[in-house]
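This report describes a protein chain through its secondary structure, surface and side-chain contacts. Please consult the sequence and the model shown here while reading.

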Amino acid sequence: MTDNSATIASDAVPESSAQGSNNIVDLVRRLTSQGSHLAEQQLQLILAEVRESVTELKVAVAGMLGAAVVGVAGLGVLLMGLAYLLADAIHNQALATLIVGAVTLVLAAILYLLARKKMNAASLSPERSQRTLGRTPDALRGDLTPGA
């Protein structure tokens, strides 16, 4: 029995090393396959999250639009009331309406200019993502210095 087990043991060593190299190749192949599969799944998850966020954003924008419509109607009624109050004070309906309208337009122009200034300062370019993508090849080479 010992001679048989010695023969089996000596035969198993070469097969084991040959199988070991095949196993390593298979493991690397499986690792590569699973890595690409994982990347695809991550991309699908990101896309699903973006779709969900866009849907929620659409609902929020629709609610804000409804509020804006009601707000504009309320502002119109408020301005009309101010014009009537001013007309009672100066005893001239046309002049009171003109004054309220002019003040409202000046306020609207100021708000527009401030918003335009902020919009010009804002950038829609994804700068952080571009920096990260620029550093990705360095990170793959092992250079993780933040200065790049």
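## Basis of the model

The model is predicted: local features require pLDDT of at least 70 and side-chain atom pairs count only at pLDDT 80 or more, whereas totals for chains, interfaces and linings use all residues. Residues are numbered from 1 along each chain as its sequence is written, and side-chain values use heavy atoms, with hydrogens and water left out.

## Overall architecture

The chain contains 3 helices and 0 strands, in the order α-α-α from the N terminus. These elements are DSSP runs numbered from the N terminus, with helices (H or I) of at least four residues and strands (E) of at least two.

Of the 148 residues, 3% count as buried. Buried means under 20% relative accessible area, exposed over 50%, and partly exposed in between, with a 1.4 Å probe and protein chains only. The chain exposes about 12800 Å², of which carbon and sulfur atoms supply 68%; accessible areas come from the Shrake-Rupley method with a 1.4 Å probe, and for residues only the protein chains shown count as cover.

## Nonpolar surface patch

A nonpolar patch on the surface is formed by I90, L95, L98, I99 and V103, with about 430 Å² of accessible area together. Such a patch joins nonpolar side chains (Val, Leu, Ile, Met, Phe, Trp, Tyr) within 5 Å, while like charges are joined within 9 Å; its residues have over 30% relative accessible area and no salt bridge.

Helix α2 (residues 93-121) contributes the largest share of the patch, 4 residues. I90 belongs to helix α1 (residues 2-90) and is partly exposed because its relative accessibility is 35%.

## From α1 to α2

H91 is located in the loop between α1 and α2. The phi of H91 is positive, about 60°, although H91 is not a glycine. Most residues other than glycine have a negative phi. With a relative accessible area of 72%, H91 is exposed.

N92 caps the N-terminal end of α2, a side-chain oxygen lying 3.4 Å from the backbone nitrogen of A94. Helix α2 itself has 29 residues and reaches 43 Å from its first C-alpha to its last, close to the 42 Å expected at 1.5 Å a residue; the expected span is 1.5 Å times one less than the number of residues.

## Salt bridge

The structure holds 1 salt bridge, defined as a side-chain nitrogen of Lys or Arg within 4 Å of a carboxyl oxygen of Asp or Glu. The side chains of R29 and D26 form this contact at 3.1 Å, N to O. R29 and D26 are 3 residues apart in helix α1, so about one helical turn separates them. R29 counts as exposed at 52% relative accessibility, whereas D26 counts as partly exposed at 35%.

Notes:
A polar contact is a pair of N or O atoms within 3.5 Å; within protein, one must be able to donate a hydrogen and the other to accept it, and residues adjacent in sequence count only if both atoms are side-chain atoms.
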